[in-house]
Amino acid sequence: MSQTVEIPSTEETGEIATGKLSIVMFSGTADKFIPLGVLAQAAAAMEMQVNIFVTGFALLGFTKRPHDLPFPAEFVGMAAALAQGMKASHVAPWDAMLRQAKEMGAKVYACSMMAGVLGLGKEDFNDLVDDVVGAATFLQRAEHGQTLFI
Amino acid sequence: MGANETMRTIVDSRGSSCPGPITDLAIAYRRAKVGDEIELWATDPGVKPDVRAWAAKTGNEIVSVEDQPDKIVVVRVVKR
């Protein structure tokens, strides 16, 4: 018996069906936020649907009360040179890249469980966060696409 | 200008690093009408393969890619 999988058309979903990128943003160190911004912005520019699930210490990068994101110990000595190089190459800060991605449709979800563990409520997150959801919601949104873990 | 005439837009992304140029192109593309031409100026070393990847992913065709003496890559895209 043959099976048919129905994929909703572009007209039905209102989305341009050129793929989907989902990112689990787990790491809470400053260096890891750079690829988050770059890949989210690039994927959104490629007309891909972008979902970001923020969990672990990465949540501290999305709070209204700003936290200084640390550098991993082995790269601390290079942090200043990296910042200088990024400025010289006109690389936008990660949150500006993410904001740009969001303007093109990217969505950011905070993990409800880790938010609770860290004592953060919905009102503690800044405007980059679209919603606080559980793992099941993210997995459902990420289905049939590529998923990265950072 | 008549309603059916197409437009040509120049997007100057010189000095901007990846993913800046491709984002500037995508934004201009969204604003453009079918048939409009977009010309992207960029200096990021990854721009040529990136623009080809963008075109393949979004179903567009690159009209031309030109290297200019001052290390500027000019890419022309016509909105489909």
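Trainee: Which residues have the most contacts inside the largest nonpolar core?
Mentor: The model is a predicted one. Its largest nonpolar core has 51 residues, and H2(A) gives the most to this core, with 8 residues. The residues with the most contacts inside the core are A:Ala40, A:Val50, A:Ile52, A:Val54 and A:Ala110.

Trainee: Which residues is A:Val54 in contact with, leaving aside its neighbours within four places in sequence?
Mentor: A:Val54 is among the residues with the most contacts inside the core. Another of those residues, A:Ala110, is also one of its contacts. Neighbours within four places left aside, the list reads A:Met25, A:Leu59, A:Phe62, A:Val108, A:Tyr109, A:Ala110 and A:Cys111.

Trainee: Is A:Gly28 buried, partly exposed or exposed?
Mentor: A:Gly28 is found in the loop between strand S1 (20-25) and H2 of chain A. A residue counts as buried if 20 or more other C-beta atoms lie within 10 Å of its own, and as exposed if 12 or fewer do. For A:Gly28 the count is 19, so this residue is partly exposed.

Trainee: What separates the C-alpha atoms of A:Gly28 and A:Phe71?
Mentor: Not counting residues up to four places away in sequence, A:Gly28 touches several residues, including A:Gly56, A:Phe57 and A:Leu69. A:Phe71 lies 43 residues from A:Gly28 along the chain. Their C-alpha atoms are separated by 8.8 Å.

Trainee: Which element gives the most to the side of chain A that touches chain B?
Mentor: The contact takes 12 residues from chain A and 11 residues from chain B. On the side of chain A, these divide into 6 nonpolar, 5 polar and 1 charged. The element that gives the most there, with 4 residues, is helix H2 (residues 30-45) of chain A.

Trainee: What is the order of the strands in the open sheet of chain B?
Mentor: The sheet has 4 strands with mixed pairing. Strand S1 (8-13) and strand S3 (62-68) of chain B each pair on one side only, and these are the edge strands. Neighbouring strands are turned by 15 degrees against each other on average, direction ignored. The order is S1-S2-S4-S3.

Trainee: Which strands of this sheet does helix H1 (residues 20-31) of chain B touch?
Mentor: H1(B) packs on the sheet, and its direction makes about 160 degrees with that of S1(B). The strands touched are S1, S2 (37-42) and S4 of chain B.

Trainee: Which residue takes a positive phi in the hairpin of S3(B) and S4(B)?
Mentor: S3(B) and S4(B) (residues 72-78) pair in the antiparallel sense over 6 bridges. B:Asp67 stands opposite B:Val73, and B:Gln68 has B:Ile72 as its bridge partner. The hairpin has 3 residues between the strands, and the one with a positive phi near 60 degrees is B:Lys71.

Trainee: At what angle do the axes of H1(B) and H2(B) cross?
Mentor: B:Pro21, B:Ile22 and B:Leu25 in H1(B) meet B:Val47, B:Asp50, B:Val51 and B:Trp54 in H2(B). This contact divides into 6 nonpolar, no polar and 1 charged. The crossing is right-handed. The axes come within 10 Å and cross at roughly 35 degrees.

Key:
Residues numbered from 1 in each chain as written. Chains lettered and ligands numbered in written order. Predicted model: local features only at pLDDT ≥ 70, side-chain atom pairs only at ≥ 80, totals over all residues. Pairing = 2+ DSSP bridges. Helix = DSSP H or I, 4+ residues; strand = E, 2+ residues; numbered from the N terminus. Axes fitted to C-alpha atoms, helices over the stretch in contact; angles between N-to-C directions. Contact = placed C-beta atoms within 7 Å. Nonpolar A, V, L, I, M, F, W, Y, C, P; charged D, E, K, R; others polar. Left-handed = near helix turned anticlockwise from the far one by under 90°. Core = buried A, V, L, I, M, F, W, Y, C linked by C-beta atoms within 7 Å.
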